[in-house]
Amino acid sequence: MISAGNRKFGSQFLKGLWEENPIFRLVLGMCPALAVTTSLENGLGMGVAVTFVLVGSNVVIAALRKIIPSKVRIPCFIVVIATLVTVVDLLMEGFAHDLHRRLGIFIPLIVVNCVILGRAETFASRNPVWMSLADGLGMGVGFTIGLAVLGALREMVGSGSLTLWGDISWRIAFYEDQSLILLILPAGGFVALGCLVALINRVQSALAQRNGKMFVSPEDLDCRHCIICRWGDMTDEQSPRSS
Amino acid sequence: MKETFRLILALTGVCVASGLMLAVVRGVTEAPINKARRAEKLAALNLVLPEHDNDPYADRHQTADGELAFHVAGRNGALAGVAFEVRSHNGYGGDVLLLVGVTCSNAVSGVVVLEQSETPGLGARIADAEFISQFQYRNAVETYWCRLRQDSPQAGEIDAITGATISSRAVADAVARGLSRFSSHTEEILRTGERRADR
């Protein structure tokens with residue numbers, strides 16, 4: 001009984017890391033993901049802050065899910081999330097002042113990060129506290145890994161270095177002067193994210209092929225759900241050219 | 001009616017709990033936040049001020065017309081220098097906030113960038129020593145030098161950063177503006193320094 005529960009907890013946790021990774025698979029919370037990931041350190045810091053809020057809000061909302069009437073659930077969720085974000089903001093300013101300055105406005109903006117409200121609405125408000133904790137932790141760690149990978153890639157290519165809390169740091173000498181600044185500019189965020197998502201899709205399709213299955217990428221990541229394409233197909237069939 | 005009451009109760013309950021929690025966290029973090037802010041400012045002040053034996057962070061004064069707020073560095077009871085903030089709205093990516101230090105012999109003792117949001121790798125290099133140290137040891141009263149070489153070929157002595165003229169110009173103009181504000185209040189600042197010594 002206990003081991004079955006643990007396995008369920010584990011699978012809820014693990015799905016956030018790869019299968020439903022918020023950055024690469026769900027493509028949620030893109031505003032902080034693209035804006036702050038100019039370095040590995042910023043990405044990690046942002047990820048940790050989001051994880052804290054996500055775990056806290058998931059647990060509180062799951063615990064209150066039977067008390068809160070469904071008509072006012074969204075305002076209640078927002079109050080809970082905003083409180084936790086303010087707590088993180090104050091704690092970071094006091095104990096990680098330097099990081100707090102670099103992340104700046106994006107810490108208060110965690111309130112509107114759709115990963116958090118999304119998990120509250122789709123998961124925590126329908127599942128027990130224990131499962132919500134696993135979900136929040138998995139999504140949070142998955143988000144952190146996503147931001148860290150994105151940040152490391154952009155920092156390595158964009159400024160030719162990799163810094164981790166000032167102590168462990170090394171520079172790639174080749175890039176010393178001629179680094180690709182584009183990657184640390186806002187536009188570079190989109191470029192880097194696009195490349196990473198493409199790479200992950202490739203890996204997944206290779207894995208699926210080896211297991212003899214067909215790979216279907218998540219619907220958000222291609223144009224299947226987009227009405228313009230379907231409309232285009234339709235008019236093609238009806239146009240005199242195709243007949 | 002009963003339904004409405006339930007909704008009000010739930011929202012009020014959540015908000016009260018949230019308020020209590022925030023009050024507790026604020027109480028815990030207030031002291032560390034103030035300490036961190038102070039340490040940050042003090043580090044910047046120590047960079048731009050000449051040698052001193054007082055606490056320039058606490059030694060903050062304002063001119064009578066409220067135009068210039070400055071931190072005083074004292075040494076052996078006498079005035080050693082002052083530091084003041086200047087903000088420029090002409091940065092490429094937003095405001096640039098500078099801290100300028102001046103010695104009592106009217107020389108610039110240092111400039112540091114406190115806040116900037118310029119382009120990484122280009123404009124953000126205004127914070128690098130290579131650019132910002134150009135202002136050091138220069139005359140703080142006669143500020144003809146405080147312009148970009150390309151803007152004023154005869155007088156300007158500040159080399160702009162390649163590809164970041166706007167950011168460089170914002171810094172040079174802001175420093176010049178700060179220095180002219182300083183020189184129009186020199187007497188008052190000196191008086192403040194003397195008053196400190198009497199105390």
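This is a predicted model: local features need pLDDT of at least 70, side-chain atom pairs count only at pLDDT 80 or more; totals for chains, interfaces and linings use all residues.
Local features need pLDDT of at least 70, side-chain atom pairs count only at pLDDT 80 or more, and totals for chains, interfaces and linings use all residues. Residues are numbered from 1 along each chain as its sequence is written, chains are lettered from A in the order in which they are written, and side-chain values use heavy atoms, with hydrogens and water left out.

Q: Is chain B compact or spread out, judged by its radius of gyration?
A: The radius of gyration is taken over C-alpha atoms, and the globule rule is 2.2 Å times the number of residues to the power 0.38. For 199 residues that rule gives 16 Å, whereas chain B has 23 Å, well over it. Chain B is therefore, relative to a compact globule, more spread out.

Q: Which element gives the largest share of the side of chain B that touches chain A?
A: The contact (heavy atoms within 4.5 Å) takes 24 residues from chain B and 20 residues from chain A. Helices (H or I, at least four residues) and strands (E, at least two) are DSSP runs, numbered from the N terminus. The largest share, 18 residues, comes from helix 1 of chain B.

Q: Which residue of chain A forms a salt bridge with B:Glu3?
A: A salt bridge is a side-chain nitrogen of Lys or Arg within 4 Å of a carboxyl oxygen of Asp or Glu. The rule finds 4 salt bridges across the interface of chain B and chain A. With the closest N and O atoms 3.9 Å apart, the partner of B:Glu3 is A:Lys71.
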